[in-house]
Amino acid sequence: MPRKVERRKALVYSSISTSREVSNLTLRAALFFTWLLPSLDDQGRILVDSKLLKAVVVPMMDDITARRIPKLLAELEAQSLIHLYRPEGVNGEVIQVKSWWDFKRCASLKRVNTLRPRVGMIGSLEVNRVMEGPESLSNGTAP
């Protein structure tokens, strides 16, 4: 019996097809990046876990294995599409899509934001100051 898939209204903007950073990716990395977007939380973040990313992002693509995902992430980071960082209190790295609001719009934000932004970011917006610490965050919004 097929599993029930949660349906969320989400739109990937067509501007992704004219992005210079995306156009510099290999086809595998471009596919992985565009298919990654619907799996992120409402601030453009997800834990780095190769097996989970394989299962969630590209489960039917035999060509993209869990072992290949770290290389794809390195390619995305080299093109400045993502940040990889380790937040305090989280076991492992987190992916933050840098241009989240340029590529994706969520009609209904059902995914709760549970991952902390990297230092220097509030939500997915880059800021020019370093945050004072965990107490300066209130549910991922500006202090």
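**View 1. The surroundings of phenylalanine 32 in the predicted model**. Leaving aside the neighbours within four places in sequence, phenylalanine 32 is in contact with Leu53, Val57, Val58, Ile69, Leu72, Leu73 and Leu76. Phe32 is one of the buried residues of helix H2, along with Ala29, Ala30, Phe33 and Leu36. Seen down the axis of H2, these buried residues fall within an arc of 165°, so they line one face of the helix.

**View 2. The largest nonpolar core of the chain**. This core has 24 residues, and those with the most contacts inside it are Leu25, Phe32, Phe33, Leu53, Leu73, Leu76 and Ile82. Two or more residues each are given to the core by helix H2 (27-36), helix H3 (50-57), helix H4 and strand S4 (94-97), and the largest share, 5 residues, comes from H2. In soluble globular proteins, nonpolar side chains tend to be buried together.

**View 3. The open sheet formed by S2, S4 and S3**. The 3 strands of this sheet have the order S2-S4-S3, and their pairing is antiparallel. Strand S2 (45-47) and strand S3 stand at the edges with a single partner strand each, so one side of each is left without a neighbour in the sheet. On average, neighbouring strands of the sheet are turned by 20° against each other, direction ignored.

**View 4. The pairing of S3 with S4, and the helix that lies across them**. Strands S3 and S4 run antiparallel and are joined by 4 bridges; in S4, isoleucine 95 is the bridge partner of leucine 84. Helix H4 lies across both S3 and S4, and runs at about 120° to S3.

**View 5. Serine 80 in the loop between H4 and S3**. Serine 80 lies in the loop that falls between helix H4 (69-78) and strand S3 (82-85). The phi angle of serine 80 is near 60°, a positive value in a residue other than glycine. Serine 80 has a relative accessibility of 40%, and therefore counts as partly exposed.

View 6. Of the 143 residues in the chain, 39% are buried, while the accessible surface comes to about 9000 Å², of which 53% belongs to carbon and sulfur atoms. Among contacts between residues at least 6 apart in sequence, 59% join residues at least 24 apart.

Technical notes. Residues numbered from 1 in each chain as written. Predicted model: local features only at pLDDT ≥ 70, side-chain atom pairs only at ≥ 80, totals over all residues. Heavy atoms only, no water. Buried < 20%, exposed > 50% of the residue type's maximum accessible area, 1.4 Å probe, protein only. Core = buried A, V, L, I, M, F, W, Y, C linked by side-chain atoms within 4.5 Å. Contact = heavy atoms within 4.5 Å. Areas by Shrake-Rupley, 256 points an atom, 1.4 Å probe, with all protein chains shown as cover. Arc of directions from axis to C-beta. Pairing = 2+ DSSP bridges. Axes fitted to C-alpha atoms, helices over the stretch in contact; angles between N-to-C directions.
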